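Please keep the sequence and the 3D view at hand while going through the points below.

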Amino acid sequence: MDKAFGWIGEIFQTLLKFLPWLIIVPATHGGVAFVYGWRIKEWKPGLHWYWPLVTTYKTMATVRQTQRIQSKIVMTKDHKTVTVGALVTYCVDDVVSAIAKIADLPSDIMERSQGAILAEVSERTLEEVQSDRVGFNAGLTERVGSALNGYGVQIFHAQLTEFAPCRAFAINGHAAIGN
């Protein structure tokens, strides 16, 4: 029975696209409307009318957020292998850059932050990192902030959550066994 009258619902949905719709952007979010597919219009928190026939939109949280940076093994300046994990605290300060210029902001934050963190650790000795963790985290915050410049985010703090000496063994997955 649903299939027999399903076409009526499709016609109704198509007709609704000809009417303007109201969107509420909460105070904790920002948004971007893509008018005619190419014109970008920023939406601040509040009420916004849009025409679904020619406009699509996307909203995202702009308040303080954290991103856990996956642990990796890196070698310090004094040739010690350590495992390094971190936490980056940020907010979105340019929603247009964060939505319209980047496909997946959280994964880009993770990728760029991880690169900056590994570079910062590799330029220091194990003792330098351990002896002044507050100073190291301040330098790390600055480095992560510069790596994410232009991404529409403001970095509040980057800190190590894991930092420990370790041993790394590489296993080649392409090794052939047998004749």
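The largest cavity holds about 30 Å³ of space. The model described here is a predicted one. Applying the cavity criterion gives a count of one cavity of 30 Å³ or more. The points that follow treat this cavity, a buried threonine, an aromatic cluster and a loop residue in turn.

**The cavity and its lining**

- Strand 6 (65-75), strand 7 (81-92) and helix 3 (105-122) are the elements that each contribute two or more residues to the lining of the largest cavity.
- The residues lining the largest cavity are Ile-69, Gln-70, Val-84, Gly-85, Ala-86, Gln-114, Ile-117 and Leu-118.
- Sorted by class, this lining comprises five nonpolar residues, three polar residues and no charged residues.

**Thr-141 in helix 5**

- Thr-141 belongs to helix 5, which spans residues 133-147.
- Thr-141 counts as buried because its relative accessibility is 15%, and buried means under 20%.
- The side chain of Thr-141 comes to 2.9 Å from the backbone nitrogen of Ala-158.
- When neighbours within four places in sequence are set aside, Thr-141 is in contact with Ile-155, Phe-156, His-157 and Ala-158.

**Aromatic residues**

- Across the whole structure, a search finds four aromatic pairs.
- One of these pairs joins Tyr-50 and Tyr-57 in an edge-to-face arrangement, with 5.1 Å from centre to centre and 65° between the planes.
- Tyr-50 has a relative accessible area of 10%, so this residue is buried.
- Tyr-57 has a relative accessibility of 36% and therefore counts as partly exposed.
- Both tyrosines belong to one aromatic cluster, which is formed by Trp-21, Trp-43, Tyr-50 and Tyr-57.

**Asp-132 between two helices**

- Asp-132 is located in the loop between helix 4 (126-131) and helix 5.
- Asp-132 counts as partly exposed because its relative accessibility is 42%, which falls between the limits of 20% and 50%.
- From C-alpha to C-alpha, Asp-132 and Phe-12 are 65 Å apart in space, and 120 residues separate the two in sequence.

Definitions and conventions. Residues are numbered from 1 along each chain as its sequence is written. This is a predicted model: local features need pLDDT of at least 70, side-chain atom pairs count only at pLDDT 80 or more; totals for chains, interfaces and linings use all residues. Side-chain values use heavy atoms; hydrogens and water are left out. On a 1 Å grid over the protein atoms alone, a cavity is a set of points where a 1.4 Å probe fits but cannot get out, and a pocket is an open set with protein on both sides within 12 Å along at least five of seven lines; lining residues have an atom within 4 Å of a point. Grid points are joined across faces, edges and corners, and a volume is the space filled by probe spheres set on the points. Helices (H or I, at least four residues) and strands (E, at least two) are DSSP runs, numbered from the N terminus. Ala, Val, Leu, Ile, Met, Phe, Trp, Tyr, Cys and Pro count as nonpolar, Asp, Glu, Lys and Arg as charged, and the others, Gly among them, as polar. Buried means under 20% relative accessible area, exposed over 50%, partly exposed in between (1.4 Å probe, protein chains only). A polar contact is a pair of N or O atoms within 3.5 Å; within protein, one must be able to donate a hydrogen and the other to accept it, and residues adjacent in sequence count only if both atoms are side-chain atoms. Contact means heavy atoms within 4.5 Å. Rings of Phe, Tyr and Trp (its six-membered ring) pair if their centres lie within 6.5 Å; planes under 30 degrees apart count as stacked, over 60 as edge-to-face and the rest as tilted.
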